[in-house]
Amino acid sequence: MTDTFDEQERRVIGAALDAAVPGASDLGAVDYVDELLHALDHDPPHIWAAPGAWAGAGPRWLELGPWERQAWSQRIEAWRQVYARVVAGTADAHDDRVVHEHACEATYGDPAYGGNRGGGGWQRIGFPEPIFPPARAGGGSTGRASTS
C-alpha cells in the first residue's frame, strides 16, 4: 500500500466506495484505489497483471507502450481529481460513477490489483475460484498477491 490518503481521507473514500457497493472497503477497495492511483510508480507499471510462473508466484506485470503509458497517466490524474472531490464532499454524478466502477472492480476483480481481499467478493456471489488468475499466490490460495 502506498498511503496516498490519510486516515480521515481513507474513511471518507471507504464510505463512498461502500455506498456504491456495500462492503467494498472490507474487501480492500480503498487499498485498490490507492494502488490504482500509484500504478505507474512501479516498473513495470501495475496496470495489467499476468500469471507469474503459471500462477504459483503471484502476478507479473506487463509493460506498457508509450501511448498506453500516456493514456493511463491522464486517466490516473483525472481519478486523483475525482477522489480529491470525494474527500472534499464536492463529488458530482460523474465522480459517483467512477467511484462505483472502482468499487465494483475492487470487490469483484482479481485480488492482484489490491481488492477482493481473500477472494471475498467472489465468495459473495458464488463465483468459483479461477484456475489460473494472476492473483493466485503461494501455490493455490486466493488473496492479495505479492507485488514485489
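A salt bridge is taken here as a side-chain nitrogen of Lys or Arg within 4 Å of a carboxyl oxygen of Asp or Glu. The structure is a predicted model, in which local features need pLDDT of at least 70 and side-chain atom pairs count only at pLDDT 80 or more, while totals for chains, interfaces and linings use all residues. Residues are numbered from 1 along each chain as its sequence is written, and side-chain values use heavy atoms, with hydrogens and water left out.

By this rule, three salt bridges are counted. One of them joins the side chains of Arg-10 and Asp-31, with an N to O distance of 2.7 Å. Arg-10 belongs to helix H1 (residues 7–20) and Asp-31 to helix H2 (residues 29–37), so this pair ties together parts 21 residues apart in sequence. Helices here are DSSP runs of H or I with at least four residues, numbered from the N terminus.

Asp-31 also forms a salt bridge with Arg-117, whose closest N and O atoms lie 2.8 Å apart. For accessibility, buried means under 20% relative accessible area, exposed over 50%, and partly exposed in between (1.4 Å probe, protein chains only). Arg-10 is buried at 16%, as is Asp-31 at 12%, whereas Arg-117 is partly exposed at 40%.

Elsewhere, Arg-85 pairs with Asp-95 in a salt bridge at 2.7 Å between the closest N and O atoms. Arg-85 lies in helix H3 (residues 66–88) and Asp-95 in helix H4, so the pair ties together parts 10 residues apart in sequence. Arg-85 is partly exposed at 28%, but Asp-95 is buried at 0%.

Definitions and conventions: Helices (H or I, at least four residues) and strands (E, at least two) are DSSP runs, numbered from the N terminus.
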